[in-house]
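Thanks for coming, everyone. I have a short tour to give, so please look at the screen and follow along.

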Amino acid sequence: MYGRRASQLLRELASCEAGQITSFNDDNLEQVIRECNEHNLQLQSLIRKIEDASLDIQTTRNEDHYGAVIHHLSLTRNKRCLMAYIFNRAEVIQSLRWKIGPVLPQEIKEKLNYLEEEFFKNHSAAVESYMSELDLDMTVDMVPPKDPYIRVKVLDDIGEVFLNDHTVNLTQHSLHFIKRTDAEPFISQGLMEEFLE
Amino acid sequence: MDSITPSGGRRSEDSATRGEVTDVDLLKRAWCNEKAAPEILHFEAALVQRAKEQIQLLEETVEEFTADRSDDLLVSLYQMDLDRSLFLLRSYLRIRIQKIEKYMLHISKTSLWDRLSEQEQRFAKKCIDIMEKHLEQSVLSRLPYGYQSMLKQSISSEEDDMVPEPQLDTFVFCKTKNDVGAFQLDDTGEEIVDLVADDLYVLRYNSIKGLVEAGRVDLV
């Protein structure tokens, strides 16, 4: 049925938790685009029919005109759905730069199509150049600070890291008391967690 | 307490007692307003510049103290102060950037564009190019002729009818600074509220937009 596939794309977005992303639905998108082009063919042929009958295209209100209107409206509806699908996904992808950082983990990458990966890279570069213009890293400090130091537990072997003029060996399962700003990048990459007693 | 105030450092101790408003207070206010407003507000260029300078001073102070091996408690107090100021600044800039990411097209087409800092404008331009390219390649270039515009649904649309805009008629919490008096909430003049100093109100952002921009009420 016309129009159903497009709304399915949006339902997929809506059923997803905020900030999460589902696998890119290539098949559905292709079919909706094909549907759009079919609508256009029908639309064009109806317009030609009106013109062939040498009627004025602006004022004619016969069955062909209304048929053409329906095809036109279906097409714009499909376009709105397609754009909303891509745009909303793009918004989530933008937010990933802030939540995860410049490198996406494999399990998220798998859900994006190649254009979206490209989009992420470009957007990430734009964010970085803005931050370097300001000379300020804006991706740390996502929550208001309470204490400048926090206790963290290392979840994965990180190795020797240079923190605050001395090196720390961050081996798996070890506990450290370090600066919150130093810990944040590791936490957002899932390599550390805040240790709460 | 005066003895620990580094020369040229923040005057918070002194000014707090005198009831003055420090830049950190101003930044906090700007941050609150920006956080609560549905649309982007004017960039506080001078304030951000001052905040940055003070943060740098504070950083130098902390470094000095650490080098001197002075009291650890003192250092950590300064560090905490520094962290809080840094958070405010980062968060303020971040909220703005995220608004730009969301409404870049709307901002670029309206007078809101003038509210951005130079750096933000450059960022917004890049963002628009990136988004346009992405939408173009994913969908637009594959649609029939006449339906390929990013801003219009079709060639027959007279206005740009595909630009996401912030919802300005949402409700916001706001606090009046001083008496505003009888204030008209809508164009028809049917709803009038008496805004008294230092009181809290829940109103539609649309109707108090002017007051926020003029700095007569604060959003909370």
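Let me start inside chain B. Between domain 1 of chain B and domain 2 of chain B, the count is three salt bridges. Keep in mind that this is a predicted model.

Where do those domains lie? Domain 1 of chain B covers residues 2-138, and domain 2 covers 167-220. Their centres, taken over C-alpha atoms, are 26 Å apart. Nine residues of domain 1 of chain B are in contact with twelve residues of domain 2 of chain B.

How much area is buried between these two domains? About 850 Å². Carbon and sulfur atoms give 56% of that area. On the domain 1 side, look for three residues: B:Asn33, B:Pro38 and B:Glu39. These lose the most area to domain 2 of chain B, together 48% of what that side buries.

Next, polar contacts. Across the interface of domain 1 and domain 2 of chain B there are five residue pairs in polar contact, with both residues at pLDDT 80 or more. As for residue classes, the side of domain 1 of chain B that touches domain 2 has five nonpolar, one polar and three charged residues.

One salt bridge to find on the screen joins B:Glu213 and B:Arg115. Its N to O distance is 2.7 Å. In general, side chains of opposite charge can pair when their charged atoms come close.

Now step back to chain B as a whole. It has six helices and five strands. From the N terminus, the order is α-α-α-α-α-β-β-β-β-α-β. The C-alpha trace spans about 75 × 50 × 20 Å along its principal axes. What is the radius of gyration of chain B? It is 23 Å, whereas a compact globule of 220 residues would be near 17 Å.

Chain A next. It is also divided into domains: domain 1 is 4-134, and domain 2 is 149-194. The centres of these two domains of chain A are 42 Å apart, over C-alpha atoms.

How many residues of each chain are in contact? For chain B it is 45, and for chain A it is 47. The area buried between the chains is about 4,400 Å². Carbon and sulfur atoms give 65% of it.

There are 16 residue pairs in polar contact between chain B and chain A, again with both residues at pLDDT 80 or more. Which elements of chain B give two or more residues to the side that touches chain A? They are helix 4 (72-109) and helix 5 (118-138). Helix 4 of chain B gives the largest share, 16 residues. By class, that side of chain B has 20 nonpolar, twelve polar and 13 charged residues.

Now the charged pairs. The interface of chain B and chain A has three salt bridges. One of them pairs B:Arg122 with A:Glu133, with the closest N and O atoms 2.7 Å apart. Another salt bridge joins B:Lys102 and A:Glu91, at 3.5 Å between the closest N and O atoms. This pair crosses between chains, from helix 4 of chain B to helix 3 (residues 63-99) of chain A.

Last number for today. Over all chains, a search of the whole structure finds 16 salt bridges.

That's the tour. Thank you.

Definitions and conventions. Residues are numbered from 1 along each chain as its sequence is written. Chains are lettered from A and ligands numbered from 1 in the order in which they are written. This is a predicted model: local features need pLDDT of at least 70, side-chain atom pairs count only at pLDDT 80 or more; totals for chains, interfaces and linings use all residues. Side-chain values use heavy atoms; hydrogens and water are left out. Domain bounds come from an automatic or database domain assignment. Contact means heavy atoms within 4.5 Å. Buried area is the accessible area (1.4 Å probe) that two parts lose on being put together, summed over both. A salt bridge is a side-chain nitrogen of Lys or Arg within 4 Å of a carboxyl oxygen of Asp or Glu. A polar contact is a pair of N or O atoms within 3.5 Å; within protein, one must be able to donate a hydrogen and the other to accept it, and residues adjacent in sequence count only if both atoms are side-chain atoms. Helices (H or I, at least four residues) and strands (E, at least two) are DSSP runs, numbered from the N terminus. Ala, Val, Leu, Ile, Met, Phe, Trp, Tyr, Cys and Pro count as nonpolar, Asp, Glu, Lys and Arg as charged, and the others, Gly among them, as polar. The radius of gyration is taken over C-alpha atoms; the globule rule is 2.2 Å times the number of residues to the power 0.38.
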